[in-house]
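I opened this notebook page to record what I looked up about how the parts of one chain meet. The entries follow the order in which I checked them.

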Protein chains: 2
Amino acid sequence: MLIAVIGSGSVGCLYGARLARAGHDVHFLMRRDLEAVRRNGLMIHSCDGDFRLQAKAYGGSAEIGVVDLVVCALKTTAIDSAEPLIRPCVGARTRILALMNGLGIEEKLARWFEPERILGGLAFVCINRGEPGVIYHTDHGRVTFGHMLGDHSQAQELADLFASAGFKTGVPPSLKQARWEKLMWNVPFNSLAITAGGATTDRILADAGLSELARRLMREVAAAGNADGCTIDAETMVEKMMSNTATMSAYKPSMLIDYERRLPLEADAILGEPVRRARQHGVPVPTMDAQYYLTDFLDRLNRQV
Amino acid sequence: MLIAVIGSGSVGCLYGARLARAGHDVHFLMRRDLEAVRRNGLMIHSCDGDFRLQAKAYGGSAEIGVVDLVVCALKTTAIDSAEPLIRPCVGARTRILALMNGLGIEEKLARWFEPERILGGLAFVCINRGEPGVIYHTDHGRVTFGHMLGDHSQAQELADLFASAGFKTGVPPSLKQARWEKLMWNVPFNSLAITAGGATTDRILADAGLSELARRLMREVAAAGNADGCTIDAETMVEKMMSNTATMSAYKPSMLIDYERRLPLEADAILGEPVRRARQHGVPVPTMDAQYYLTDFLDRLNRQV
């Protein structure tokens, strides 16, 4: 399959590189890492086995041209300017996979592209970017898919595609619910890492107060999600999230890595949009509100904007 | 009047020095500033006029001996070890004034001393410690008094005493309510200064999210206080607190000053005790809970304990 990876951060590089290794024709749109990858290829240090890929790296989407599948793995902070990056790769039969965290992602892409061709993907993966052209994949990797309009066969095709690259995959009944459930991890651990002074997941779990806040945030996310049309079994998910997180040891959530590099945080997609939906549905989310306001302030303070 | 100031931080030094200047015989128990004050006296830079006092400074309470009035101005983090500092100054007729922030202060002193002799004082003052022996009093100074068992005549005597030193004073109907109302300022501005990365009061007021959190914290404190027996008009107090704070420009709450110096924060008296009382009364205080857990964690992280 002819694939364009738009936004070659750690997620785009890992999944794109594994698809390429599996025989697909993958083209990477790169910015920061372009020169390094052209020189040395893409180095994947992975719990599934290290490998180097002579990746096809480009500085502009027009050089890539029309593909079968666009894997959009931009940071959510860049979503509003995604159209010109994606458009040159889109032909009559192109599908677009938003392999991104947060809420409201597919809806944003649907401002520019037909919803029939839009899918969402959620990566459950512990991964960090290292020096340019180097990715550290430390744990997990499962990825699940959903079609924006609920076309399960399209979602299953992508699940099969990623399975061919050696990943566990799944097609949950509802993409929306999958996104809300993933927020049950992303909201607490990303935001507490920021407001608790850089705390990694192990520090959060080990502290009685912070882990209580994590549980409250999870319950608030579940309540907002259920008001938004999901059927999340909150307490079961809370326990699952907490025990899964305990296997991660001292994991740095992506928001903390961005914060340390003084990059914009994905606060709006991960906290702001869920807070707004909760408000629309009249669901009180006081802990999430507090985390959102604090994280948003600390983000701006950190970048002096 | 023969007075011992136990705990000569900025509050103890300012009020003690003004009482001494007004002709009272004031003895200061000092630790950090002892040598500097013995050498150079106590320098008060004040919005009410600068002055230097050749303060009577001591390293131990036994050297001071029995007094008419103990002004206990310790940090609340030191309250559990206050008894041996106060005891040598207490005779049959000695009164003890807890000139400290937070909740449950008089109750702690009453573990060791008769409640008949215990009063509480609340200082509404913008004040910082500078180099040893130097105090910066930048604004306000009003102080209000209440007796632990409600003896208003004793409270009025202290109000008259402090008025003789040039301060505005008052005797509110209820010491408990006065403490809860003061928490309506201390909880939001102290804790947000910590969790919002060192934000001074002006930054908090200028930010829509942080000032919303400040208002929520005030309302939660008022609700907890009312459940605890007070009759606080929450919205009136919120508006009063917000507009008073706007006059303070870029004020650093005491908790932030302690944090920057890596000293223990008064998190338990200012946040922990109100949170526990709210819980006893079944009043939800989710924003205060979050601020308490985060502040307590950041305090320990900051001191690596």
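How many Å separate the centres of domain 1 of chain A and domain 2 of chain A, taken over C-alpha atoms? I found 24 Å, with domain 1 running over 2–172 and domain 2 over 176–303, bounds that come from an automatic or database domain assignment.

I noted that this is a predicted model, in which local features need pLDDT of at least 70 and side-chain atom pairs count only at pLDDT 80 or more, while totals for chains, interfaces and linings use all residues. Residues are numbered from 1 along each chain as its sequence is written, chains are lettered from A and ligands numbered from 1 in the order in which they are written, and side-chain values use heavy atoms, with hydrogens and water left out.

I then looked up contacts (heavy atoms within 4.5 Å) and found 27 residues of domain 1 of chain A touching 22 residues of domain 2 of chain A. For buried area (the accessible area, 1.4 Å probe, that two parts lose on being put together, summed over both), I read about 1900 Å² between the two domains, 52% of it on carbon and sulfur atoms. Lys75(A), Asn101(A) and Leu103(A) supply 34% of the area that domain 1 buries against domain 2, more than any other three residues.

Last, I checked salt bridges (a side-chain nitrogen of Lys or Arg within 4 Å of a carboxyl oxygen of Asp or Glu): the rule finds 2 across this interface. I also looked up Glu106(A) and Arg179(A), whose side chains meet in a salt bridge at 2.7 Å, N to O.
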